[in-house]
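Here is a short briefing on one protein model. Please keep the sequence and the structure open while reading.

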Amino acid sequence: MDDGGWPELSYPAWRETAATLQLWTQIVGKVRLALTPWLNHGWHVPLYVSARGLTTSPVPFGREVLEIEFDFIAHRLLVRTSRGDERMIALRPQSVAAFHAELFSLLNEIGIRVSINEMPNEVQNPIRFSEDHEHASYDANAAHRFWRVLVQADRVFKLFRSGFLGKVSPVHFFWGSFDLAVTRFSGREAPHHPGGVPGLPDAVTREAYSHEVSSAGFWPGSDVYPEAAFYSYAYPEPPGFRDAALPAGAEFDPALGEFILRYDVLRRAPDPDAMLLDFLSTTYAAAADAGRWDRAALECDFGTPARVRSI
């Protein structure tokens, strides 16, 4: 299906599958959201890249735990509990409504009673999950390629994360915006976010951006921006941030208010890992310098396997 590295991922070629899969991940993500105590910055919400796809990680229910995983190798949704329950749904072309019904029937069958807000978040023209018969595509090859890109990005993001002593998020896959992200924090409170993010309650946005951040990530494209790309932004955006010098191939997109590195530019580079790490480091430095972060106190060398960080 791909070369095992940074595979091709043309948004127009898998647009219908991407739209359907985003909604399927929202259903699964909202199960995690409904069962998990609220965590700072919405960190209880995302999914995580796994060895086979995307997983909720263990989710509490009563005195047990539930895990739901999209397996993009065997193309199935796995539902498992610490009681030994194990069920499967085949990932195949079917509507969002059918996927929603099948998952909740399965959860009820194993005694997990949970309800979710059925309105999708952060998508154009949302339709209630149980009524959405419009989105029904699943191209297995495309889903597999998408996951392979996430695997590669997750690796580099985790290396980048290791070079920070301050507060830094895990590498999250946010199902609302359908992107993989990692966020560094200055340690200072931020001005209240004005809100107004389509499909996202203002209270959620304000809690997520309660402190100054430099955030970077990857998204596979959308109808608004129909191209896979890496991005980096700061909140609040400090004066001079967007004027920073950038590595070759990167640019600032005024409409998005973010630095952008197009995925096709990266995958054709002689060393995509090095190019991505340079993009992450350079754009973070732009935010930290313009925002006057205490970089000496917050940063460290990137981690090395099996070697204790020297102090």
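This is a predicted model: local features need pLDDT of at least 70, side-chain atom pairs count only at pLDDT 80 or more; totals for chains, interfaces and linings use all residues.

T56 is a buried loop residue. The aromatic pairs number 26. R184 has its charged end over the ring of F160 and over the ring of Y284.

**The loop residue T56**
- T56 sits between two strands, β2 (53-55) and β3 (59-61), in the loop that joins them.
- Its relative accessible area is 1%. T56 therefore counts as buried, since the cut-off is under 20%.
- Leaving aside residues up to four places away in sequence, T56 touches V28, R32, P46, L47, Y48, L66, E67 and I68.

**Aromatic rings**
- The model holds 26 aromatic pairs.
- F173 and F178 have ring centres 5.3 Å apart, and their planes meet at 75°. That angle is over 60 degrees, so the pair is edge-to-face.
- F173 is buried, at 0% relative accessible area.
- F178 is buried too, with a relative accessibility of 4%.
- One aromatic cluster is made up of Y209, W219, Y225, Y231, Y233 and Y235.

**Arginine over rings**
- Over which ring does the charged end of R184 sit at 3.8 Å from the centre? That ring belongs to F160.
- The charged end of R184 also sits over the ring of Y284, 4.4 Å from the centre of that ring.

Conventions
Residues are numbered from 1 along each chain as its sequence is written. Side-chain values use heavy atoms; hydrogens and water are left out. Helices (H or I, at least four residues) and strands (E, at least two) are DSSP runs, numbered from the N terminus. Buried means under 20% relative accessible area, exposed over 50%, partly exposed in between (1.4 Å probe, protein chains only). Contact means heavy atoms within 4.5 Å. Rings of Phe, Tyr and Trp (its six-membered ring) pair if their centres lie within 6.5 Å; planes under 30 degrees apart count as stacked, over 60 as edge-to-face and the rest as tilted. A charge sits over a ring if NZ of Lys or CZ of Arg is within 6 Å of the ring centre and within 35 degrees of the ring normal.
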